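This report describes a strand arrangement and the packing of helices in one model. The structure is shown first.

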Amino acid sequence: MGAWLVTIAQLPIEDPAACMRVLRTLESLGAAVMREGAYLLPDTPANRQALDALADYMAKSAGAAHVLRVASATAAQQQSFERLFDRSARYAELVKTVESLRVGFGQTDPGAISRVLQKQRREFEAIAALDFFPGAARSRAERALAEAERAVKQLLFASQSQAMAAGEKLLGRAWVTRKPLWADRLACAWLIRRFVDPEAMLGWLEKGEQAPARALSFAYDGAHFAASASRVAYEEMLAKIKLATNPALARIGGIVHFLEMGGNAVPEAAGVQTLLQGAVRRSPTVEELVGEAEKTFDLLYEAYYEPARK
């Protein structure tokens, strides 16, 4: 029979903050509530270590906890315990959310759908981390998420970038992209102003609005500089204007790629995401948002450029 850890807890009710911390810790571990003050978890080294640490904390916070190692007495009891950890409802809710996004395929900006799917991917990983007895529900959720991600990827890269005439000049041109602005579009705007044309005029198109004549477009489907199946628009722009050999710009491309398309994690990406999200919330105008984003990318470039130069 399976081995289990039963935590008998006397919560530190005289200290509400400590009590809340204990309950949140048990919740984060995925503990099942057997009855008031009794919590169940599968017996694993990680769970034993976490519960022992929690018991020590409770002893110092006017509470107490005893962690007992027990075994299921019968097969029926084993099944009863396992049902306490059934994550099917959470997986079903995730599948419902993912499938509802299909309504927007072809109607909503694929980039926006992709960002929602990235959030659902993180939710799936959080559920799976506490799914001690995975079954068909987990497989269905993983399959629905993967199918939606493939479909959105096809939408994102359904058409190629517009061809540019040989020798076409980049200076003195208007540059446009679509709203809303996020990592790829903001990074492209920064790249244009810092490395292509400091006097470039940038414009922001509403959904469905056509780019003005002779304007260079970037970071949306069908633009002169659009994302491809393997690279975000920023990376495509680096390649086309021959800046991909700049190691600092390439490292920034890795961050933008991860924020827009996922893939291999980049350590700095979480911090950049937080800064850009803060800029989006704070900035009342697009111009102010772009200015805030430029500060972030300037700092990144300076940090990356100096080590590369040495």
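## The sheet

The model contains an open sheet of 4 strands in the order β2-β3-β1-β4, with antiparallel pairing. Strands (E, at least two residues) and helices (H or I, at least four) are DSSP runs, numbered from the N terminus, and two strands pair if DSSP finds at least two bridges between them. Because β2 (32-35) and β4 (64-71) stand at the edges with a single partner strand each, one side of each has no neighbour in the sheet. Neighbouring strands are turned against each other by 30° on average, direction ignored.

Strands β1 (residues 3-10) and β3 (residues 38-42) run antiparallel and are joined by 5 bridges. Leu5 stands opposite Leu41 in β3.

## Basis of the model

The model is predicted: local features need pLDDT of at least 70 and side-chain atom pairs pLDDT 80 or more, while totals for chains, interfaces and linings use all residues. Residues are numbered from 1 along each chain as its sequence is written, and side-chain values use heavy atoms, without hydrogens and water.

## Helices on the sheet

Helix α2 (residues 45-59) lies across β1, β3 and β4 and runs at about 10° to β1. Contact means heavy atoms within 4.5 Å; axes are lines fitted to C-alpha atoms, for helices over the stretch in contact, and angles run from 0 to 180 degrees between N-to-C directions. Helix α3 (residues 75-83) also packs on the sheet, touching β1, β2, β3 and β4, with its direction at about 60° to that of β1.
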